[in-house]
Amino acid sequence: MVSHSGLISVMERAVRKAAPRLRRDFNEVQQLQVSRKGPADFVSMADRRAEDTLIEELRRARPDWGFLVEERGEIEGDPDKPRWIIDPLDGTSNFLHGIPHIAISVAVEDPRGAQGKPEITHGMIYQPLTDEGFWAEKGRGAWLQDQRLRVSSRRDLTESLIATGIPYMGHGNFAQWSRIFGAVAPEVAGIRRFGSAALDLAWVAAGRYDGFWEADLKPWDVAAGMLLVREAGGFVTDFRGSDRAMERSEFLAANDQLHSRLHKLVANALR
């Protein structure tokens, strides 16, 4: 068994505590009470219950840490301590349609990382329906349970499978996405849109996808996934190839060889 820090154990305990209820609710998706949270953005009771459970469990382990959470936004903690960044249910639309592709994402952000800037140090993405737990610690690699993860070793775009998120009602920039799609699609073996950015990034880390691009994502969608990709030997940048992905809310992930090629295609498409 791979040894990991106590923090990973805390995160695993929390996601496993939230998972059974999510699985049960998924099986009864027809009966769920769903509230409207803006165009095509539904929030289920399941989402809220998972969030409550995660906050409760993580707070028990680290009472003075703050949170950045999808539904409630920022919950203040000790500003000198790390904070949790949580998405209790990534893939809400999948969930509500009975599509078994969802994840819980939990990350730790240290306010005093490298160069004194906030930095993600631990991440976990858990798929409650398949019982797959992807996790990473800064400097200690990325793992699926106790199996070491490496990004894909493909060097050729023509053999590569690329994941993305597609703009939809009220979300995203159709014109920008169309330009990127028009540049990337003719060069690759296929493009997939499965509806969970957290799992997309975990799958890039696991070498299932060779690359990923999406814009307009929030920190809770990508914090854990970006760490996973980097710890698995991959790169995550903005569309211009710089390290301002969070700031610009543009995310391009792949292995070293494919990243530079994808980045050229994307940057040219946006000129």
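**Close-up 1. Trp 213, a buried residue of the predicted model.** In this predicted model, Trp 213 counts as buried because its relative accessibility is 2%, which falls under the 20% limit for that class. Trp 177 likewise counts as buried, at a relative accessibility of 14%.

**Close-up 2. The stacked pair of Trp 177 and Trp 213.** The structure holds eight aromatic pairs, and one of them joins Trp 177 to Trp 213 in a stacked arrangement, with 6.2 Å from centre to centre and 25 degrees between the planes. Because Trp 177 belongs to helix H4 (residues 174–184) whereas Trp 213 belongs to strand S13 (residues 211–215), the pair ties together parts that are 36 residues apart in sequence. Trp 177 and Trp 213 also form one aromatic cluster together with Phe 181.

**Close-up 3. The edge-to-face pair of Phe 194 and Trp 203****.** The ring centres of Phe 194 and Trp 203 lie 6.1 Å apart and their planes meet at 85 degrees, so this pair is edge-to-face; the angle is over the 60 degrees that this class requires. Phe 194 is partly exposed, its relative accessible area being 35%, whereas Trp 203 counts as buried at a relative accessibility of 17%.

**Close-up 4. Arg 62 over the face of Trp 65****.** In this view of an arginine and a tryptophan, Arg 62 lies over the face of Trp 65, at 5.5 Å from the ring centre.

Methods
Residues numbered from 1 in each chain as written. Predicted model: local features only at pLDDT ≥ 70, side-chain atom pairs only at ≥ 80, totals over all residues. Heavy atoms only, no water. Phe/Tyr/Trp six-rings, centres within 6.5 Å; stacked < 30°, edge-to-face > 60°. Helix = DSSP H or I, 4+ residues; strand = E, 2+ residues; numbered from the N terminus. Buried < 20%, exposed > 50% of the residue type's maximum accessible area, 1.4 Å probe, protein only. Lys NZ or Arg CZ within 6 Å of the ring centre and 35° of its normal.
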